[in-house]
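Morning, everyone. Please bring up the model on your screens. I'll talk about charged pairs, then the core.

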Amino acid sequence: MSHDIEAPADPHRQQIRRTRRVIHAMTAVAVLISAALGAEAMAASPADVPQPPSTADQEQGMRAGMPFRDPPVADATGHGDAAAQPNVTITLDATRSRFDVSGREAYGASYTGSYVAPTLHVDPGSTVTIHLVNHLPVATNLHFHGLHVSPEGQSDDPFLCVAPGADTTYRLTIPADHAQGTFWYHSHAMGTSCPAPGAPDMPGMAGMTGMTGDVENQVFAGLSGALVVGDDRTLLPADLRKVTAHTVVLKDVQLDRAGNILQNTDTASIDSNNPTVRLVNGRLRPVLSMRPNETQLWRLVNAGADIFYRLRLDGYHFTVVGEDGNPVARVTTADSLLLPPGKRYDVLVTAGPRPARARLRTLAYSNGPQGDAYPDTELATIRIAGDPVHRRPDVTGGIPTAPADLAAEPVAQRRTVDLSESTDGNTFYINGQQFAAGSSVFATPAKLGTVEEWTIVNHSGEDHPFHLHTNAFQVLSVNGTPQPYTSRQDTVPVPHAVDGAPGTVVIRVAFADYPGKWMFHCHIAAHEDHGMMSFINVVP
């Protein structure tokens with residue numbers, strides 16, 4: 001059951017606004033979640049604006065060290081039996097909510113009344129019905145990030161706009177051969193306004209009905225969750241197919257002293273470089289239990305709006321069996337994994353032979369001189385205890401159903417995607433153009449059944465996570481260094497410029513199955529300004 005609760009307004013609570021991509025900060029008012037989702041912002045002079053609360057201040061009232069808990073599951077599967085596919089409609093109520101964040105009361109937005117959205121679990125070959133009801137005073141919608149489904153109609157169309165007080169029904173036809181792995185879903189409100197004709201004002205929201213939705217606001221407030229297709233454990237060697245699997249959703253929250261999640265308004269903006277609280281499935285530094293020698297599958301999801309994670313499990317390594325929902329063509333091991341916003345990895349982790357504890361943390365990381373600098377932060381404790389189990393052998397080689405290597409495919413067309421910013425760092429462009437819903441930055445469309453090669457060029461001083469809707473791509477090179485093929489992906493960080501030399505990533509895209517507008521954009525910048533976003537028309 002979801003709750004439509006307005007956070008109490010407090011005109012005395014403000015904080016510094018800092019534009020992330022500019023070295024010199026600009027001060028403004030930080031307002032409460034209710035203001036960000038429709039209420040009037042309250043003015044204050046810059047001299048009255050205090051520093052934002054520290055991470056320690058924001059953690060006050062939270063309980064650290066609770067047991068690890070997977071997100072709730074909204075199950076639309078037939079447990080692997082297509083004939084048993086249930087007739088299930090999943091309802092998501094987008095609403096302002098008061099919820100528990102690791103023991104502290106907070107105000108944000110939710111789909112089911114809790115900060116951690118349910119994990120949607122679907123099967124290949126199924127049709128999934130999702131009913132989105134918008135109780136917010138602003139427009140919203142959904143994007144099913146990474147799914148290979150139609151970008152048109154009542155499917156994964158990011159141009160759909162659900163007005164305040166309205167609802168819509170998504171019907172996702174999942175291909176029978178869809179990759180089994182980890183995806184995510186979230187609001188994709190692109191600064192759009194779609195008021196329902198004659199819609200009444202909501203209580204306390206006079207004149208605000210139809211106010212534009214902001215995807216960064218809505219994801220940051222809580223409107224995001226994991227999505228799992230099938231069960232990729234079935235692709236592993238037989239003795240690993242019943243290992244424990246955990247969904248690990250990484251999100252951060254910035255709270256004011258009243259417990260309101262901060263938001264963008266006309267006079268304030270979320271600053272991802274400010275102190276923040278990093279949470280695992282909505283809990284502060286939870287404890288995940290394993291037995292000695294036990295192997296588990298962790299489905300890692302960065303479901304936050306802005307910040308990067310560089311994950312390390314001290315004393316251990318990650319065995320990568322899936323990336324961005326795609327089984328890998330070559331299993332690799334890594335001491336650390338970089339997850340920009342939207343990134344996912346499916347990894348195997350094997351505990352040591354004796355009782356012990358290990359820390360899962362995100363390492364100190366900078367995404368460029370115009371970007372953010374994140375501190376080393378503990379995320380969770382791994383507690384190894386109990387009777388040992390038989391140690392399973394390491395996984396090597398490729399995972400069945402991994403997509404084919406595109407390196408030798410004929411290239412139908414080569415394109416350049418030029419990412420740039422204005423000198424003040426507040427306006428963003430692709431190929432010199434800002435986002436226009438009716439116009440692509442490319443004059444010529446792509447054709448189904450062809451492969452294209454794109455060179456993504458980043459002229460800015462911060463890394464930009466590049467995301468393509470509808471189908472994953474293959475990375476061929478980064479800053480001129482060839483990348484061996486291990487897997488397809490749908491999100492890749494494009495390095496920042498250094499000494500005037502832009503960062504580059506070269507990818508190959510296979511246009512398959514679905515005509516329509518295939519959107520592509522960069523996280524962070526697209527959320528704030530919508531300039532670093534466009535689409536390519538795909539024709540039969």
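Buried means under 20% relative accessible area, exposed means over 50%, and partly exposed lies in between, using a 1.4 Å probe and protein chains only. By that rule Arg344 is buried, with a relative accessible area of 0%.

Two notes on the source. This is a predicted model: local features need pLDDT of at least 70, side-chain atom pairs count only at pLDDT 80 or more, and totals for chains, interfaces and linings use all residues. Residues are numbered from 1 along each chain as its sequence is written, and side-chain values use heavy atoms, leaving out hydrogens and water.

Now the charges. A salt bridge is a side-chain nitrogen of Lys or Arg within 4 Å of a carboxyl oxygen of Asp or Glu. The whole structure has 15 salt bridges.

Which residue forms a salt bridge with Arg344? Asp490 does, and the closest N and O atoms are 2.8 Å apart. Asp490 also counts as buried, at 2% relative accessibility. Shared partners join Glu323, Asp324, Lys343, Arg344 and Asp490 into one network of salt bridges.

Inside that group, Asp324 forms a salt bridge with Lys343, with closest N and O atoms 3.0 Å apart. Asp324 is buried at 1%, and Lys343 is buried at 2%.

Last, the core. A nonpolar core is a set of buried Ala, Val, Leu, Ile, Met, Phe, Trp, Tyr and Cys residues joined through side-chain atoms within 4.5 Å. The largest has 43 residues, and Trp298, Leu300, Phe318, Leu337 and Val347 touch the most other members. A second, separate core has 34 residues, including Leu136 and Leu223.
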